[in-house]
Each structure stands twice: as structure tokens, then as C-alpha cells.
Amino acid sequence: YDLINKGTTFHRLYIDEFNVQTELLKPGQQDTITIYPEKEGEFALYDKRENLVQVGKLKVVTVVASDEFQGIWKDLI
């Protein structure tokens, strides 16, 4: 997950569910965090600079190759 601080102040972005965070990013700086989700869902993205302030959500979904698709529409793929 690549993150870029496009704001005008410092930020440290944090995903609680995975206990990962960026370095303290100055404006224009970027960092990469890697997660290994074991389940789908929406997970809160926080700014952890001083207090935990929710700034967005990260959505995790499962993607399968079309030849592994088992849904009712598999004949259309």
C-alpha cells in the first residue's frame, strides 16, 4: 500500500487491524506499508501523529482467476 502525504502538515498513517504504520511523513513525502489480510472487510485508516484520528478506510477484497470462479455467471466469463 503506497501512501503519499498530499497535505500541508506532518502525518503518520496507521491501520489498527494490521498494526502497521508509516514513518512520520512530511508534506510530499511517501512511504509503503505491506499488509497480509486473512479476511475481507473495511479497515479504518488513522492519522497517528498525535491522537488517533480516522482519515479513511481501506477495503480488502478477494480476487480469483476467472477459471476458478464458481458463481452463477461463470459461463459468461
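The side chain of N5 reaches the backbone oxygen of T9 at 2.8 Å. This is a polar contact, meaning a pair of N or O atoms within 3.5 Å; within protein, one must be able to donate a hydrogen and the other to accept it, and residues adjacent in sequence count only if both atoms are side-chain atoms. The model you are looking at is predicted, and local features need pLDDT of at least 70, side-chain atom pairs count only at pLDDT 80 or more, while totals for chains, interfaces and linings use all residues. Residues are numbered from 1 along each chain as its sequence is written, and side-chain values use heavy atoms, with hydrogens and water left out.

N5 is placed in the loop between β1 and β2 (13-15). The strands named here (E, at least two residues), like helices (H or I, at least four), are DSSP runs numbered from the N terminus. N5 counts as buried because its relative accessibility is 5%; buried means under 20% relative accessible area, exposed over 50%, and partly exposed in between, with a 1.4 Å probe and protein chains only. Leaving aside neighbours within four places in sequence, N5 is in contact with F10, H11, L25, K26, P27, G28 and Q29, where contact means heavy atoms within 4.5 Å.

## The neighbouring strand residue, I4

I4 lies in strand β1 (residues 2-4). With a relative accessibility of 46%, I4 counts as partly exposed. Not counting residues up to four places away in sequence, I4 touches G28, Q29 and Q30. The chain also brings D31 into this picture: the C-alpha atoms of I4 and D31 are separated by 6.6 Å, although the two residues are 27 apart along the chain.

## How the sheet is put together

Now for the sheet. Four strands form an open sheet in the order β3-β2-β5-β6, with antiparallel pairing. Its edge strands are β3 and β6, each of which pairs on one side only. Two strands pair if DSSP finds at least two bridges between them.

β2 and β5 pair in the antiparallel sense over 3 bridges, and D47 in β5 is the bridge partner of L13. β5 and β6 are also antiparallel, over 7 bridges, with V53 in β6 as the bridge partner of D47. A hairpin joins β5 to β6 through 5 residues. β5 is mostly covered, as 5 of its 7 residues are buried.

## The nonpolar core

The largest nonpolar core has 9 residues in all: L3, L13, I15, V20, I33, F43, L45, L58 and V60. β2, β5 and β6 (53-60) each supply at least two residues of this core. A nonpolar core is a set of buried Ala, Val, Leu, Ile, Met, Phe, Trp, Tyr and Cys residues joined through side-chain atoms within 4.5 Å.

Beyond its neighbours within four places in sequence, L13 is in contact with L3, V20, Q21, T22, L45, Y46, D47 and V55.

## Rings that meet

The structure holds 2 aromatic pairs. Y14 and Y46 form a tilted one, 6.5 Å centre to centre with 40° between the planes. This pair links distant parts of the chain, 32 residues apart, with Y14 in strand β2 and Y46 in strand β5 (residues 41-47). Y14 is buried, at a relative accessible area of 8%, and Y46 is buried too, at 19%. F18 and F43 form an edge-to-face pair, 5.0 Å centre to centre with 65° between the planes. Here F18 sits in the loop between β2 and β3 (20-21) and F43 in strand β5, 25 residues apart. F43 counts as buried, at 7% relative accessibility.

Rings of Phe, Tyr and Trp (its six-membered ring) pair if their centres lie within 6.5 Å; planes under 30 degrees apart count as stacked, over 60 as edge-to-face and the rest as tilted.

## A positive phi at N19

N19 is found in the loop between β2 and β3. N19 is exposed, with a relative accessible area of 60%. Its phi is near 50°, a positive value in a residue other than glycine. Most residues other than glycine have a negative phi.
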